[in-house]
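Reader: Please show me the sequence and the structure, and then take my questions one at a time.

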Amino acid sequence: MLLAGEEWAARFEDYRQEAWRLETLPQYLMPQEAEELRAFRDGARIDPATVRNEYTDRLRRQAAEGRVQGRVHIVTRPLSEYLRFEFSQYYRPHLLAGERIRILDVTDRANPLEGVQDFWMFDQSEVVLMNYEPDGKQINREVFEGDVTPFIDYQRIAVAESVPFEEYVKGLDL
């Protein structure tokens with residue numbers, strides 16, 4: 001089953017304990033980010049402490065309710081322009097709003113999750129596969145119909161092998 005619109009948004013409202021994401025690509029081509037990416041290229045930067053939008057408001061509310069949202073992004077250096085943009089314009093404000101963000105840098109080591117695709121997992125009971133073109137353009141979101149046990153293991157590995165976002169970016173010029 002493919003997810004879009006309200007059905008997709010409901011996943012983030014309805015989870016009970018945890019929404020968790022694995023990101024594997026060096027860029028995501030999202031049309032709604034195009035203008036912000038252009039501004040970033042032109043030198044515009046935000047103060048992460050002042051960002052308030054629907055996403056950060058939801059993160060704050062869910063954190064206050066004891067619900068967790070987290071992610072691990074697998075990266076290699078040098079960081080792509082998109083990753084520098086994402087780290088600066090999204091990850092910093094989202095972290096301040098309560099999201100648990102970690103980075104798994106595989107520049108100088110084997111990727112422990114080689115071949116695992118992007119996904120979201122909700123309450124360790126439902127997995128939504130995030131299908132992308134190689135360049136990062138989203139194809140669709142698809143509810144995984146099989147056993148979620150491997151995805152729980154992927155999450156465990158990703159968290160164990162990664163570092164907190166703020167530790168990773170300390171000293172980086174974003």
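Author: What follows is a set of questions and answers on helices, strands, rings and backbone angles.

Author: This is a predicted model, in which local features need pLDDT of at least 70, side-chain atom pairs count only at pLDDT 80 or more, and totals for chains, interfaces and linings use all residues. Residues are numbered from 1 along each chain as its sequence is written, and side-chain values use heavy atoms, with hydrogens and water left out.

Reader: How are helix H2 and helix H4 oriented to each other?

Author: Helices (H or I, at least four residues) and strands (E, at least two) are DSSP runs, numbered from the N terminus. Axes are lines fitted to C-alpha atoms, for helices over the stretch in contact, and angles run from 0 to 180 degrees between N-to-C directions. The axes of H2 (residues 34–41) and H4 (residues 81–96) come within 10 Å and cross at roughly 100°. Angles under 35 degrees count as roughly parallel, over 145 as roughly antiparallel, 65 to 115 as roughly perpendicular and the rest as oblique, so H2 and H4 are roughly perpendicular.

Reader: Which residues of H2 make the contact with H4?

Author: Contact means heavy atoms within 4.5 Å. On the H4 side are Glu81, Arg84, Phe85, Ser88, Gln89 and Tyr90. From H2 come Glu36, Leu37, Phe40 and Arg41.

Reader: What is the bridge partner of Val128 in strand S6?

Author: S5 also pairs with S6 (residues 138–143), in the antiparallel sense over five bridges. In S6, Val128 has as its bridge partner Val143.

Reader: How many residues of S5 are buried?

Author: Buried means under 20% relative accessible area, exposed over 50%, and partly exposed in between (1.4 Å probe, protein chains only). S5 (residues 126–132) is largely enclosed by the rest of the structure, because the buried residues number six of the seven.

Reader: What kind of ring pair do Phe12 and Trp120 form?

Author: Rings of Phe, Tyr and Trp (its six-membered ring) pair if their centres lie within 6.5 Å; planes under 30 degrees apart count as stacked, over 60 as edge-to-face and the rest as tilted. By this rule there are 19 aromatic pairs. With centres 4.8 Å apart and planes at 90°, the rings of Phe12 and Trp120 are therefore edge-to-face.

Reader: How many residues apart are Phe12 and Trp120?

Author: Phe12 is buried at a relative accessible area of 8%, and Trp120 is buried at 5%. The pair links distant parts of the chain, with Phe12 in helix H1 (residues 5–14) and Trp120 in S4, and the separation is 108 residues.

Reader: Is Asp123 buried or exposed?

Author: Asp123 lies in the loop between S4 and S5 and has a positive phi of about 55° although it is not a glycine. Most residues other than glycine have a negative phi, and most peptide bonds are trans. With 16% relative accessibility, Asp123 counts as buried.

Reader: What is the omega of the peptide bond between Arg77 and Pro78?

Author: Pro78 is placed in the loop between strand S2 (68–75) and H4. The peptide bond joining Arg77 and Pro78 is cis, with an omega of about 0°.

Conventions:
Pairing = 2+ DSSP bridges.
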